[in-house]
There are 2 protein chains.
Amino acid sequence: MRDFTKKLRVLLIDDNANHLRGIKELISLETSYNVVGATRNANLGLGLIKKYHPDIVLMDINMPEKDGLQAIQAINKLGISTNILILSGYDDSDLIYRSMKLGARGYVLKTMASSKLIDAIETVADGKVYLPSVLTTRFFEYFQNAAKEESNAFVGENLLTTLTGRENEVLDLLTQGINYKSIAEKLIISETTVKTHVNNIFQKLQVNDRTNAVLYALTHGFKPSVTSQSVQAAA
Amino acid sequence: MRDFTKKLRVLLIDDNANHLRGIKELISLETSYNVVGATRNANLGLGLIKKYHPDIVLMDINMPEKDGLQAIQAINKLGISTNILILSGYDDSDLIYRSMKLGARGYVLKTMASSKLIDAIETVADGKVYLPSVLTTRFFEYFQNAAKEESNAFVGENLLTTLTGRENEVLDLLTQGINYKSIAEKLIISETTVKTHVNNIFQKLQVNDRTNAVLYALTHGFKPSVTSQSVQAAA
DNA sequence: AATTATCTAAATCTAAAGATTTAGAAATTT
DNA sequence: AAATTTCTAAATCTTTAGATTTAGATAATT
């Protein structure tokens, strides 16, 4: 959670000197903000971020070539908990999408009212995400599709529930592509016992070989019941 | 896209008679809306939806028991292009999450200003999604996690790119858990040829058996290059 | 024209996987 | 106490799977 007793430290990156000045003035009007730096160059910006660890980086995406997107990646690779808010002149849904995918936390159009910009800064500083509604829709629909696929994995009875604890352990190792011998070593039981378990698994999952057992497991939400895992770690 | 020459047909469902009346009046003030029905019962609402095919269903989620969530599912099962906007007294992030997962397109708190409600209706009617910022963040982060996992599948060189066309076809069938004999039949080549291909695949993917080949394929974004698929469909 | 990549195929072999039956020990449930 | 489930194990057998070598026919490239 954000500390409201301290001023928000903001860094500006915009290759257009006029914009840079304008935004700086606009933000300086807010008493709760502190502009720790302003630069026209993405690389210089990176250095300043390393130096000052700002809470928010306000960055223009329409900088020389595709520097903007690369800068987002570079900033996130620093491992600093800085939230990136993108400023853009264009309402390009695909550009926003890519920016967000690379790790930006908000997107504001330059044509928007300045109150919206403050709104966005507050939202992003608060750890939340600020997006145009078109993009909210896009991300949501991505989620909904994934949720649908996920639920498809659970239609009908899930045969995985019929497996015993030991069978789950064996299936876990099968899904890692391990052969009988190694499974026996890992579980410290004989190879014939493993075969017995595997055959029981096949019958329960109604398959005839390990490949289909693994495929069944992966498409039906198999999650190993992390039993003896810690013990095996040493092996 | 929405047809702006026609009035938006809105249906209301809220078990509280006072709320129902209030919302109805509020919406009736808007000249571009047309309330085609208002009911206090979710089941009755379902009937009205079937009858009138409204553009928007404004529904209270806090109805008797968990009827609200079930109603969302029921409405979507009708296969009618109705957009559901949820009204709720509680700012319960998890309830919103589940509502949206089940197919709602927007969520508005009853404590919000009426202008926000109109905003939400417009947004949802426009085919977009309307969400509180907390939820926007949640959905976005879901997306970002997925995107990260996806990109993890492509770190380093992807050995899948070294496969020839035929090898891709064979691998495709391997990932379906099919054995040598059936693969040979499907591709109308001899079993020994299939073995040759499979061995070449193993070497290229640096694995020793089909299970690991399949696992490699699945974790590295393998998408069969849909070549002779149509031909095999008959087999 | 020569080289290389790809697809095809056979033969041979070894190793691994899978099927099936039987059975004892321990833990759980009825 | 009796019955059932689970985990263990062996023996035996059949069937795939996988490794390796060799090689002819096209197709694509240089």
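Q: Which element gives the largest share of the surface near DNA strand D?
A: That's α9(A), with four residues. Near means a heavy atom within 4 Å of the strand, and helices (H or I, at least four residues) and strands (E, at least two) are DSSP runs numbered from the N terminus. Bear in mind this is a predicted model: local features need pLDDT of at least 70, side-chain atom pairs count only at pLDDT 80 or more, and totals for chains, interfaces and linings use all residues. Residues are numbered from 1 along each chain as its sequence is written, chains are lettered from A and ligands numbered from 1 in the order written, and side-chain values use heavy atoms, leaving out hydrogens and water.

Q: What does Asn199(B) reach on DNA strand D?
A: A phosphate oxygen, 2.3 Å from one of its polar side-chain atoms.

Q: New topic: is Asp14(A) buried or exposed?
A: Buried, because its relative accessibility is 2% (buried is under 20% relative accessible area, exposed over 50%, partly exposed in between, with a 1.4 Å probe and protein chains only).

Q: And where does Asp14(A) lie?
A: In the loop between β1 (8-13) and α1 (17-28) of chain A.

Technical notes:
A polar contact is a pair of N or O atoms within 3.5 Å; within protein, one must be able to donate a hydrogen and the other to accept it, and residues adjacent in sequence count only if both atoms are side-chain atoms.
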